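My notes follow in the order I took them.

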Amino acid sequence: MKFQGLTDKEVEISREQHGSNEIPDSEPTTFWEEFKETFGDPMIKILLAIAVLMIVMFFFGYAEIYEPLGTIVAVLIVAFVSAKTGVASDTKYRELKENTKKDQCKVHRNQMITVIDVDHVVVGDKVLLQSGDKIPADGVLISGKLSVDNSALNGEAEECKKSEVTQETTLAEEITGDTFVDSYSLFRGAVVFDGEGVLDVQKVGLKTMMGKMAEEMQEEEPDSPLKVKLSKLAKQISTFGYIGAVVIAVLYFVYFIVSAGGVSAYFSIGIEEVIKDLVEAVSLAVVIIVCAVPEGLPLMISLVLMQNTSKMLDHNVLVRKAEGIETAGSLNILFSDKTGTITKGMLEVVDFFNADGSSIEISELGKHEKVKRLLNLAIGKNTQSMFDGEHRVIGGNATDQALMKFLGEETFQALEADQGCVVSKAQGFNSTNKFSQARIGSEGKTFYKGAPERLLASAVKYLDANGEIKEINKEALDRKIDELAAKAMRVLAFGYSEKELTENKINDDIVIIGLVGIRDDVRPEAREAIEEVQKAGIQVVMITGDRLETAVAIAKDAGLLKNEADRALSSAQLNEMSDEEVKKIIPNIRVIARALPTDKSRMVRLCQEMNLVVGMTGDGVNDSPALKRADVGFAMGSGTEAAKEAGKIVILDDNFKSIKDAIWYGRTIYHNILKFCKFQLVINVAAVVVSAIAPFFGVEEPLKVTHLLFVNLVMDGLGAIMLGNEPALKKYMDEKPRRRDENIVSRKMMAQIITMGAWLTFISFLYLKLPFFRNLFETEEQHLTGYFVLFIVSALFNGFNVRDDRFGIFKGLNENTGFLKVFFTIILVQALIVNAALVPVEVFTWIGNMFSCVPFGITGWIAVVLLAVTMIPVDLARKVIVER
């Protein structure tokens, strides 16, 4: 045996000196970490500040304990739901990972070859590499010859030839794009296409290129667009609430002074009365702040993200981080890896044509029996590839494997089983001849496979589609070959001769059976998905390590390059430009070729500096740093662990349609958040105005603190379920993308909030001040209890208004069955609170007292519901006016 390998003792020494080959996973998401993270949310901070203020007031006897306790409970629920969602997503991802068998390799150890886990490889190991093996560590080839696929590292599925060097040769310290394709260096994550050899392991674990890329991913991620927008909204609402509260408190205090007959007269009533009025004014200010802040918004967002995270699994989308799904809906620009994402990630036959330049559909080839039979022999009996016991193509180079898949396992096995069809003499492919040949005596023919220019140099005849021999039309054939070359296709020709096989020579009686175009082709579903994503206003940029000409051909086929303004650049051209120059042309860039990982990260950074929301798709280790830096990284399910670790979303079926679905559902989630904001802010605006103005009209406290608690917790929590499951509408994909810092509350939305808030305020004062409504109730307590019902039911009817920006407010209720369930549940709960005193049990009496509610008659209920229903026609009238 040429290599003795390390002994067990030498393995231990090497591991101590150079470390393990394990690339550590990120730490699992813990419930406690996710729970704590919730308290960094700006809205949560405002809620906690209000709770502390009200607790202080409670101890001074100026507030009820219900509101701060209720607020704290709401915050804890939000933290719990957010933490549960985060842990569930992470657990699902880790289960997916654990179900994947660990990579293994064959190493020379203790004077024998043994199979070990890749993680157990150490520096100094001699690893036996064969066709199909994944390279377990970085090092150099010290025995044999290999063809290697480096696509996991540089994104390209091209063959890279490796030949042996001496054991004294060391791996370069500075790794560049050229090192990947040199003649002897091997890197962890690459796959052996063909050949056999021995790797001398020189770097393991985090010192490998794959390990360094994994370390690079530990950088801080940018805030999600939703978080940016919520921070802005929280700041606006808190500013509005605080300023409004101070102004109202001051006005209320001035009202006391004016009522007393002036400043001197007021202060002459005694310091105790002045302090009492001051506390009353401050209490009103606190109530206004409580009214202004949408306490239910964080809870609603947590619930909606949790619901949709589980729903997306049905669409083959594993959401690793809940905010990733909403961010997907906010994308302005999507950078996509080419190999394995836009294309299939492997070479395949995409065109078959005769030597007259006319193509035959591959699916129709079986109908042309004579041509197909001879083609099968030219491929199946003239190859180094085969099917193994697990139905995989092994052996040969990438082109051989593509031809074998084109031939099909059934045909290959039939040829192998045919005892009368035996190769009597053969010569393999070499770079000098550029063809291979095989003699089949029973057929009386020598079959050729090779470069078109070599076979056509000797050929004058070809088989047409009917299997008849005809003269070659060289002009038509050259046009066809040039056309395929422009599409980045590799062309191969097949032929046969009646003469005996002659070494290193093609016989002059060769007849061309046909030619094929081979390339890593565009996925059909990717082409459709790219079109849909572009229609959604999202710029798609293909970023690849391939050469510019190939990238341009693929981009045209995928529908990325459509007109003269669309730009395709190489990495070298990009690096000659300053950041500012690149920013100017970003809107026109469609392709970046020969890209390095640093180019991907740079483009993500520049787009984020332009306030664009950036998405990145990928599957290789080379994609991982950019996947991490992007606002949302889409990792492919079949990709490397490093890519999945970096992405916020894993596309389980590698299908572009799933990316489109993620974007669509992301937009749906955002629309549902907007619907909830409109629903809640109408309540908040009306509550603020009514609470602020009512005291000046002789109604001291139309909405009690416990009523506000009901609004904030019950209405908002159940409102999240009511509007969070609104169906995904096709029209969302026709909208333009939103800017990262765009306000959640648009002008159109603000108009609806103010209009409906004003109407709710108007009907509130009609109800509170008109004798007609007062006379429907026996007591003032019943009248104020009726107002509590009016306020809640009006808000519920407004829930229909926010479901659609136009007039379809009752459409799709069958797709969101929770809407009506919640609607009637809230009315039922409120009816129970109002009538709690009718139940002769102490706890129900306590509930009635807590909410300051007393039972009232059916006439009052009818009047209140009829007044509340006016919310719907008023908003429909507003929409008619806006439409005009």
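**Entry 1. Salt bridges**

I searched the whole structure, which is a predicted model, and found 41 salt bridges. I then picked out single pairs.

I took aspartate 557 and arginine 527 to start. Their side chains meet in a salt bridge, with N to O at 3.4 Å. I checked where the two partners sit. Aspartate 557 belongs to helix α20 (residues 548-558) and arginine 527 to helix α19 (residues 524-535), so this pair ties together parts that are 30 residues apart in sequence. I also looked up their accessibility. Aspartate 557 has a relative accessible area of 29%, so I logged it as partly exposed. Arginine 527 comes out at 31% and is also partly exposed.

Next I looked at arginine 605 and aspartate 579. Their closest N and O atoms are 3.3 Å apart, and the two form a salt bridge. Which parts does this pair tie together? Arginine 605 is in helix α23 (residues 597-609) and aspartate 579 is in helix α22 (residues 579-585), so the link joins parts 26 residues apart in sequence. I noted arginine 605 as partly exposed, at 34% relative accessibility. Aspartate 579 is partly exposed too, with 27%.

A network of salt bridges links Asp579, Glu580, Lys583, Arg602, Arg605 and Glu609.

One more pair went into the notebook. Lysine 660 and aspartate 661 meet through their side chains in a salt bridge, 3.3 Å from N to O. Are these two buried or exposed? I found lysine 660 buried, and aspartate 661 buried as well.

**Entry 2**

I turned to strand β25 (residues 632-636). Five of its five residues are buried, so I wrote it down as mostly covered under the 20% cut-off. I sorted its residues by direction. Val632, Phe634 and Met636 point one way, while Gly633 and Ala635 point the other way. The general rule is that side chains in a regular strand alternate between the two faces of the sheet.

Which strands pair with β25? I found strand β24 (residues 614-618) pairing with β25 in the parallel sense, over four bridges. Methionine 616 stands opposite glycine 633 there.

I looked up strand β16 (residues 445-450) next. Six of its six residues are buried. Lys445, Phe447 and Lys449 point one way from β16, and Thr446, Tyr448 and Gly450 point the other way. I noted that the buried set includes Lys445 and Lys449.

I checked the pairing. Strand β15 (residues 435-440) and β16 pair in the antiparallel sense over six bridges. Isoleucine 440 stands opposite lysine 445. What do β15 and β16 form together? They form a hairpin, with four residues between the strands. In the turn, glycine 444 has a positive phi of about 70°.

β16 also pairs with strand β19 (residues 490-497), in the antiparallel sense and over five bridges. I looked up one partner in β19: lysine 449 is bridged to phenylalanine 494.

**Entry 2. Histidine 120**

Where does histidine 120 lie? I found it in the loop between β2 (112-117) and β3 (126-130). Histidine 120 is partly exposed, with a relative accessible area of 40%. I also checked a contact across the sequence. Serine 20 is 100 residues away along the chain, yet its C-alpha atom and that of histidine 120 are separated by 6.9 Å.

**Entry 3. The second largest pocket**

I finished with the second largest pocket. About 1,000 Å³ of space lies in this pocket. I found 38 residues lining it, and the closest to its centre are Glu159, Lys161, Asn397, Thr399 and Phe429. Which element gives the most to the lining? Helix α15 (residues 398-407) does, with four residues. I sorted the lining by type: 12 residues are nonpolar, 14 polar and 12 charged.

Key
Residues numbered from 1 in each chain as written. Predicted model: local features only at pLDDT ≥ 70, side-chain atom pairs only at ≥ 80, totals over all residues. Heavy atoms only, no water. 1 Å grid on protein atoms, 1.4 Å probe; cavity = no way out; pocket = protein on both sides within 12 Å on 5 of 7 lines; lining within 4 Å. Points joined across faces, edges and corners; volume = space filled by probe spheres on them. Nonpolar A, V, L, I, M, F, W, Y, C, P; charged D, E, K, R; others polar. Salt bridge = Lys/Arg side-chain N within 4 Å of Asp/Glu carboxyl O. Buried < 20%, exposed > 50% of the residue type's maximum accessible area, 1.4 Å probe, protein only. Pairing = 2+ DSSP bridges.
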